[in-house]
Amino acid sequence: MGCFIFLYIFFFSKHVHVVGLGFAQIYLECPLEVSVSRNSKRKLPVPEVSLRRVADALEPPCQDKHQWEQRTLTVKWGTFDTKPSWFQVFDLLKESLENPVPPLTEEDTSLKVMCS
């Protein structure tokens, strides 16, 4: 699952570079316990084992490791309703539009091969 998400972001960031678009991502960080609790209150809950599998496989963005994640905003659960968070979102979008995605490096390409 982690490699699937990684490859999807890799593929997307590769193609936005080709057409000169900006790329940004917002990572919503939510504790697993909160997800499980909210899920249990849904009309049709997702099996808890599925939630736990995704949580185990999901890797938070690593701006130091992957250049396409340079424009990432991490929002912690329960803090998004504040005005500074919205300003951060708009600043991130503005920055990504003004500075298109740089070309992928050889290291980025080799990471793709590891997950294939």
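Predicted model: local features only at pLDDT ≥ 70, side-chain atom pairs only at ≥ 80, totals over all residues.
Two packed helices are described by the angle between their axes and the distance between the axes. Here helix H2, covering residues 32-40, packs with helix H3, covering residues 48-57, at an angle of about 155°, and the two axes lie 10 Å apart. Because angles over 145 degrees count as roughly antiparallel, H2 and H3 are described as roughly antiparallel to each other. The crossing in which H2 passes H3 is right-handed. On the H2 side the residues that meet the partner helix are Leu-32, Ser-35, Val-36 and Asn-39, and on the H3 side they are Glu-48, Leu-51, Arg-52 and Ala-55. Sorted by class, this contact of H2 with H3 has four nonpolar, two polar and two charged residues.

Once its neighbours within four places in sequence are left aside, Leu-32 is in contact with Leu-51, Arg-52 and Ala-55. The C-alpha atom of Leu-32 is separated by 9.8 Å from that of Val-54, a residue 22 places away along the chain. Leu-32 has a relative accessible area of 22% and is therefore partly exposed, since buried would require a value under 20%.

What remains is the cysteines. With a disulfide taken as a pair of cysteine sulfur atoms within 2.5 Å, the count of disulfides comes to zero. Cys-30, at a relative accessible area of 31%, is partly exposed, and Cys-62, at 29% relative accessibility, also counts as partly exposed.

Notes
Residues numbered from 1 in each chain as written. Heavy atoms only, no water. Buried < 20%, exposed > 50% of the residue type's maximum accessible area, 1.4 Å probe, protein only. Axes fitted to C-alpha atoms, helices over the stretch in contact; angles between N-to-C directions. Helix = DSSP H or I, 4+ residues; strand = E, 2+ residues; numbered from the N terminus. Parallel < 35°, antiparallel > 145°, perpendicular 65-115°, else oblique. Left-handed = near helix turned anticlockwise from the far one by under 90°. Contact = heavy atoms within 4.5 Å. Nonpolar A, V, L, I, M, F, W, Y, C, P; charged D, E, K, R; others polar.
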